[in-house]
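Have the model open as you read.

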Amino acid sequence: MTTKIGHVVRDRDAALCLGAVVVSGFGSSALWLVAGVWVKDLTGSDGLAALCALALWLPVCAGPLLGALADRVRRRPLLIAVNLGLGALLPVVLWVDSAARVGLLLAVLLVYGACGVVTDAAEAALAAGAVGKELLGDFNGLRTAANEGMKLVAPPVGAALYAAYGGGPVALLDAVTFLLAAGMFALVRTRERRPAPDAAGAWRRTTAGARFLWRAGAPGARDPGRGDHRDATRLRPLVLAGGLTMLTAGLSGATVYALVEGLGRSPAYTGVLYTAQGAGSVAAGLAAGALLRRFGARRLAGAGAALSAAAAALQALSREAPVVTGSLAHGAGLVCVLVAALTAVQRAAPEALAGRVVATAQTLVLAPTALGIALGAALVELADPRLLLGLCAGARLAVAAPLLNPVRCGPTSGPPSA
């Protein structure tokens, strides 16, 4: 099993795309942590602090609509413009100096979240052309590893900056990272044709990504997870597996404080578990490209779901070593599922639909996380967290089983068009 990370890093355009994602991800990770603390300090309200996360997550639900923008214009100029726009927008929050102006911060975060959906779709579509489909798995794995690494490094930096100078400088730091990202995207050398006018109605344009994903799940579709098309892997089961796995991830995530309490540790010990999960994510991200080539998207996603099931079972033991090991395994398992699904979608989506297909897939995969968190927050007060973790383990095994089961089908044909 060989990795091609070196090929990605040495490829000029791939390295620039990756660098832009890493730089902006550093600023985003710092601000996302600080925003809630900032609102809590200004208002004393836990509910308003929680609205920061809601404002950032809510636009994910509009993924098909926002992703359509990435298909209406050329992706590289769009990424440059959006990153420059965010760099210019974020200094506005310097005016947030009292509880009366918290609404301004929430409005900026809502725009921030919407821009994130657009840039994620445009980045994925641009990478598919600039990086080359043979390196997409390695690129996505390395991108995920870098993002998870930033989540380990950036929050402490943001927290320290906030403690010393307040929220304004953290927002300015994030603004600078977006300006740097815009510069990196400007240096990417890729030929993009201006998208042809689409005479379809607004509804058909918006739902084109969903229609493609549904039809790509039909029997006989090519395997978008491997280049040789020998397996009949289908997009629909991969996206569904991603959504169900993230639903259970949100559910199990709500048990973390109860787990820590059961270990006799202080709430601060959750940092150890998050660090372990991040380390597992980084490790899996670095290996994801090689694993995709070795096993294909379907089996990698199934193995990731099974590993995440084992992680939940370990954490249900409520002993320190298994809980930490389970966090590590959970981070690795989630990355396997997510990278397998995203890479398959990128490889299969036609260029004209790439933004909408990717954004729709991300909505279907990531939006269930919020539902899982809400369900977990309610159930953890009513049931033993070990029971919830056992249910999560069973659900993830149910997700893994059909993906690990060999698929037989008739002659393959090309992915259907929307």
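Start with L328, which is partly exposed because its relative accessible area is 40%, and partly exposed covers what falls between buried (under 20%) and exposed (over 50%), using a 1.4 Å probe and protein chains only. Keep in mind that this is a predicted model, where local features need pLDDT of at least 70, side-chain atom pairs count only at pLDDT 80 or more, and totals for chains, interfaces and linings use all residues. Residues are numbered from 1 along each chain as its sequence is written, and side-chain values use heavy atoms, leaving out hydrogens and water.

You'll find L328 in helix α13 (residues 320-348); helices here are DSSP runs of H or I with at least four residues, strands are E runs of at least two, and numbering goes from the N terminus. Setting aside residues up to four places away in sequence, L328 touches A276, Q277, A279 and G280, where a contact means heavy atoms within 4.5 Å. S281 sits 47 residues from L328 in sequence, yet their C-alphas are 7.7 Å apart.

Now for the rings. Ring centres of Phe, Tyr or Trp (its six-membered ring) must lie within 6.5 Å to pair, with planes under 30 degrees apart called stacked, over 60 edge-to-face and the rest tilted. That rule gives one aromatic pair: Y112 and F178, edge-to-face at 5.6 Å centre to centre with 75° between the planes. Y112 belongs to helix α6 (residues 102-130) and F178 to helix α8 (residues 167-187), so the pair links distant parts of the chain, 66 residues apart.

Zooming out, the protein chain has 15 helices and zero strands, and 51% of its 418 residues count as buried.
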